[in-house]
Amino acid sequence: METPRTLRELSCADDYDPNSLPVDRARALIREFLSPVTAIERVNIRAALDRVLAVDVVSPLDVPGHDNSAMDGWAVRFADLAKDGETTLRRVGESFAGKPFNGEVRNGEAVRIFTGGVMPRGADSVVMQERATETPEGVAIAAGAVGKAGQNRRFAGEDLKRGEVVFRKGQPLRPAELGMLASLGIGEVSIFRRLRVAFFSTGDELRSVGQPLAAGEIYDSNRYTLFGMLSRLNCEVLDMGVVPDVPDLLEQAFTSAAAAADVVITSGGVSVGEADFVKALLDKLGEVLFWKIAMKPGRPLAYGRIGGAHFFGLPGNPVSVMVTFYEFVRDALLVLQGRSDVAPMPMFKATLAAPIRKVPGRTEFQRAVLSPDSAGSWQVRTTGDQGSGILSSMSRANCFVVLSADTGNLDAGSPVDVQLLEGLI
Ligand code: AMP
Ligand code: MG
């Protein structure tokens, strides 16, 4: 299929059914419309943790810079060592990490060397200290202490070579990358600017924390889960509060959010019955598609553009917000942040500890707890009631059991796909 140029064109494609859109299809459609940030900041490497590299990094050095010892022992010439007996060598100096031996190792000589110590000229191998004894006559090296020339020696440039591309643009900077940059003497890097994400909750029934509740009113929790999930992804968050289901107020909120941010996320107001006036409003302000995703929870989802901003209209139910965020928004934000390695959340197999009831037709994301069984294999058990309003199910869970659309009831012992929540964002 050719990439559609606009969302409206997309909505005319033959295989497009907004009333039952498979999860993968929705994810792929969203992907077609994402254009990553381009603005670049230059920061100290510590400030670059969890950000995305904006240019390739080329190594200015060989790492390590010199041949050096991989262990504490004796730097020797392999050719000096007897094939089948002990060899006694003369100690001529020491090479410590950071304090090299400046002379040369000649025939019959050895230098005491420590891990990271520069290999002295003339020596080609290191005998580990356990295989040598220092005596008044010299250093006695056990027979066969070095199997072949070059043993226990680290070579200059074996980790990184000068001029080599170490990291490509789009690389996320994790602790290992910070360490590697430091090992190259690089103290500043160019990263993409943070994504600005504005969000608000919609609903006449919602009150913010700190306000009293009248009959039938509830506290807005979605702004807090969204705040948490967005902060974990290192986004700049703009919390725009609660907006009641009043067309004028919603229009104002959508307009100012889109003007201030790269991405606008709302919760509530996209389900059947509520969608109609929101739809009319968004048709006026931008280009937005309303989908019923073939998934549970998280069926209604709106996606599109308002002004220059990407827009995600998430369902109102607290669990649905989190599931749709993890399954659709998270990937999209990573792409928008400039990451080059974005893949769907990884899945692996675990064994069901108890049966699951499921009606075929939709992909289900059941909240569950993954734990080792007595034999050390991974087993998974759902958290119980899977209602989309039961936020405690997310809190108790450490994974989703992902049940494909065609799956029905499953017995205990069945293998199922699991997505880990821990460490994900
Ligand atoms: P809606 O999609 O607006 O019809 O909302 C679906 C359900 O989620 C309703 O029971 C709402 O009261 C609830 N809900 C919507 N927004 C929030 C929110 N921000 N915090 C907690 N519950 C919400
Ligand atoms: Mg609502």
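I take helices (H or I, at least four residues) and strands (E, at least two) as DSSP runs, numbered from the N terminus. With that settled, I looked up Asn152, which sits in the loop between strand S9 (138-141) and strand S10 (153-154).

**Ground rules.** I note that this is a predicted model, in which local features need pLDDT of at least 70 and side-chain atom pairs count only at pLDDT 80 or more, while totals for chains, interfaces and linings use all residues. Residues are numbered from 1 along each chain as its sequence is written, chains are lettered from A and ligands numbered from 1 in the order in which they are written, and side-chain values use heavy atoms, with hydrogens and water left out.

**Backbone entries.** I read a positive phi of about 60° for Asn152, although Asn152 is not a glycine. I count a residue as buried under 20% relative accessible area, as exposed over 50% and as partly exposed in between (1.4 Å probe, protein chains only). Asn152 is partly exposed because its relative accessibility is 22%. I then turned to Asn234, in the loop between helix H4 (222-232) and strand S16 (236-243), and found that its phi, near 65°, is also a positive value in a residue other than glycine. Asn234 counts as buried because its relative accessible area is 18%.

I also looked up two cis peptide bonds. One joins Val63 and Pro64, with omega about -5°, and Pro64 lies in the loop between strand S2 (57-58) and strand S3 (68-69). Another joins Lys296 and Pro297, again with omega about -5°, and I place Pro297 in the loop between strand S19 (295-296) and S20.

**Ligand 1.** Which residues are closest to ligand 1? I find 16 residues around ligand 1, the closest being Glu205, Asp220, Ser221, Gly269 and Glu274; a residue is near a molecule if one of its heavy atoms lies within 4 Å of it. By class, this shell has four nonpolar, nine polar and three charged residues, where Ala, Val, Leu, Ile, Met, Phe, Trp, Tyr, Cys and Pro count as nonpolar, Asp, Glu, Lys and Arg as charged, and the others, Gly among them, as polar.

For polar contacts I use pairs of N or O atoms within 3.5 Å; within protein, one must be able to donate a hydrogen and the other to accept it, and residues adjacent in sequence count only if both atoms are side-chain atoms. An N or O atom in the side chain of Glu274 is 2.7 Å from an oxygen atom of ligand 1, and a polar side-chain atom of Ser271 is 3.1 Å from an oxygen atom of the ligand. Asn317 takes part through a backbone N or O atom, 3.3 Å from an oxygen atom of ligand 1. Taken alone, ligand 1 exposes 480 Å², and the protein buries 79% of that (accessible areas come from the Shrake-Rupley method with a 1.4 Å probe; for residues, only the protein chains shown count as cover).

**Nonpolar cores.** I treat a nonpolar core as a set of buried Ala, Val, Leu, Ile, Met, Phe, Trp, Tyr and Cys residues joined through side-chain atoms within 4.5 Å. The largest has 53 residues, and Ile265, Trp291, Phe325 and Leu333 have the most contacts inside it. Helix H7 (residues 318-336) supplies the largest share of this core, 13 residues. A second, separate core of 21 residues includes Ala258, Ile306, Ala309 and Phe311. In soluble globular proteins, nonpolar side chains tend to be buried together.

Leaving aside neighbours within four places in sequence, Ile265 is in contact with residues including Val197, Phe200, Leu226, Phe325 and Val329.

Beyond four places in sequence, its contacts include Trp291, Leu314 and Phe328. Leu301 and Pro18 are 283 residues apart in sequence, yet 9.9 Å apart in space, C-alpha to C-alpha.

Thr87 belongs to strand S5 (residues 87-95) and is buried, with a relative accessible area of 9%. I find a polar atom of its side chain 2.9 Å from the backbone nitrogen of Ala82.

Pro344, in the loop between H7 and strand S22 (348-352), is partly exposed because its relative accessibility is 46%. Leaving aside neighbours within four places in sequence, I find Pro344 in contact with Arg27 and Asp331.

Conventions: Contact = heavy atoms within 4.5 Å.
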